[in-house]
2 protein chains.
Amino acid sequence: MPKQVNHEERRQIIAEATWELIMKKGIEGTTVRSIAEEANLSLGSLRHYFSSQEELLSYSMELVKERVTERLEKKFAQDMPMDELLVHFFLEIIPLDDQSRLEMTVWFHFIANVQFRHKFEGDDGILQALQQLLPVLEANGRLKPGIDFQEEIETLYALVDGLAIHCLFAPERLTKERIVPIIVKHVNRLLIHPLNSSRFL
Amino acid sequence: MPKQVNHEERRQIIAEATWELIMKKGIEGTTVRSIAEEANLSLGSLRHYFSSQEELLSYSMELVKERVTERLEKKFAQDMPMDELLVHFFLEIIPLDDQSRLEMTVWFHFIANVQFRHKFEGDDGILQALQQLLPVLEANGRLKPGIDFQEEIETLYALVDGLAIHCLFAPERLTKERIVPIIVKHVNRLLIHPLNSSRFL
DNA sequence: TTTTAATTAATACAAACGTACTAAATAAAA
DNA sequence: TTTTATTTAGTACGTTTGTATTAATTAAAA
């Protein structure tokens with residue numbers, strides 16, 4: 001029998017090498033050759049795991065999505081009050097550490113380029129999460145009365161995504177110290193018992 | 001004397017052809033050949049106006065920026081109450097018509113790709129505009145007291161950019177009817193005399 | 001150790017790319 | 001009409017790209 005290599009694990013290593021390359025050189029720099037070099041593999045070796053460049057990039061993009069989803073779901077699983085969880089959830093979306101910066105940068109490049117290779121379908125897992133969270137908050141009696149759910153969700157989503165993008169492109173201006181009070185103040189508009197920013201810094 | 005062609009005008013036509021191509025095929029599809037074809041020019045002819053692809057793309061990006069700035073400044077010049085102007089300014093940022101959709105899409109592709117060719121420097125003309133607008137609103141006695149200017153500017157900017165991006169990628173969900181109330185409600189938090197959404201639809 | 005199938009390495013090739021170069025065409029001035 | 005500088009068109013070259021192919025290497029099973 002031949003040398004055994006964990007196929008799936010190797011595919012992930014190659015995908016991660018692709019991310020690094022996107023960070024360093026952009027999508028234009030991610031040729032099959034440069035990816036192979038980054039992953040310390042030969043061209044033929046790489047082809048054993050991905051039969052085409054398109055398949056590699058698709059997989060690579062899918063893996064970013066998985067990792068981000070994984071990270072967000074982990075936050076959801078934490079045992080804490082719902083209102084607090086909401087803020088932590090938002091902070092998890094904003095690229096404040098190197099790992100999430102990489103993920104968002106790569107994701108940014110993918111959606112800009114991949115939509116012409118395959119049909120791009122909006123993800124909006126975040127939107128779905130918000131649509132689940134707010135009713136729970138209301139059921140727990142933590143929301144002020146008379147809130148337009150759909151409008152508030154759309155507002156929160158836009159605000160957080162806007163902060164995330166600005167944080168990505170101007171991290172020196174939008175630090176965590178600037179972002180947390182903005183989010184907390186905004187969430188507090190909806191809550192009966194306001195939260196304190198200092199808890200999240 | 002030779003045939004006279006308005007050089008600058010022709011350069012703009014070529015740049016606009018480049019935008020169309022970016023919309024249709026993405027940055028990867030914008031080769032010097034395809035641009036020449038889109039602009040009904042020969043390869044050699046195109047080279048007369050841009051000595052390299054990089055120069056063409058730089059110019060093309062610069063022109064988008066100019067057009068957008070032009071559009072926003074035109075809004076600023078309109079004679080209307082400052083609070084009303086603020087909302088119109090925000091609505092101008094959001095890609096609600098074909099022209100601004102094109103501009104934002106093209107801009108999106110450029111910042112994703114150009115940052116690796118040349119050093120990308122954040123523009124933030126919007127941020128500067130907001131930093132000018134709010135003090136004027138206050139001087140006119142239209143703002144509620146006790147507002148944290150820097151924080152509110154950052155919030156408004158993030159919200160509007162977030163709405164703009166969501167509108168770009170999910171225009172069927174984020175219609176003008178959904179966006180206007182969100183912006184007006186948010187601006188009204190700051191104003192002594194609240195505005196009515198219906199004025200902007 | 002020998003066998004064997006999976007893995008790796010190396011090379012080759014057609015297509016597409018940016019760029020360069022040269023001849024033809026153009027239109028305003030003499 | 002002739003002249004002339006500019007614009008246009010066509011072709012060619014060297015690279016780089018994705019993909020294909022083939023031989024060498026590897027390590028688990030016999």
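How many salt bridges are there between domain 1 of chain A and domain 2 of chain A? The count is 0. A salt bridge here is a side-chain nitrogen of Lys or Arg within 4 Å of a carboxyl oxygen of Asp or Glu.

## Basis of the model

This is a predicted model: local features need pLDDT of at least 70, side-chain atom pairs count only at pLDDT 80 or more, and totals for chains, interfaces and linings use all residues. Residues are numbered from 1 along each chain as its sequence is written, chains are lettered from A and ligands numbered from 1 in the order written, and side-chain values use heavy atoms, with hydrogens and water left out.

## Two domains in chain A

Chain A is assigned domain 1 (1-51) and domain 2 (68-200). These bounds come from an automatic or database domain assignment. Taken over C-alpha atoms, the two domain centres lie 32 Å apart. Contact (heavy atoms within 4.5 Å) links 6 residues of domain 1 of chain A with 7 residues of domain 2 of chain A.

The two domains bury about 650 Å² between them, and carbon and sulfur atoms give 86% of it. Buried area is the accessible area (1.4 Å probe) that two parts lose on being put together, summed over both. In domain 1 of chain A, Trp19(A), Met23(A) and Ile27(A) lose the most area to domain 2 of chain A. Together they account for 70% of what that side buries. The domain 1 side has 4 nonpolar residues, 1 polar and 1 charged. Nonpolar covers Ala, Val, Leu, Ile, Met, Phe, Trp, Tyr, Cys and Pro; charged covers Asp, Glu, Lys and Arg; the others, Gly among them, are polar.

## Chain B against chain A

Here 40 residues of chain B touch 40 residues of chain A. The chains bury about 3300 Å² between them, 60% of it on carbon and sulfur atoms.

The rule finds 8 salt bridges across this interface. In one, Arg178(A) pairs with Glu154(B), with the closest N and O atoms 3.4 Å apart. On the chain B side, the elements giving two or more residues are helices H1 (7-25), H6 (98-114), H8 (149-169) and H9 (176-188). H8(B) gives the most, with 14 residues. Helices are DSSP runs (H or I, at least four residues), numbered from the N terminus. By class, the chain B side has 18 nonpolar, 9 polar and 13 charged residues.
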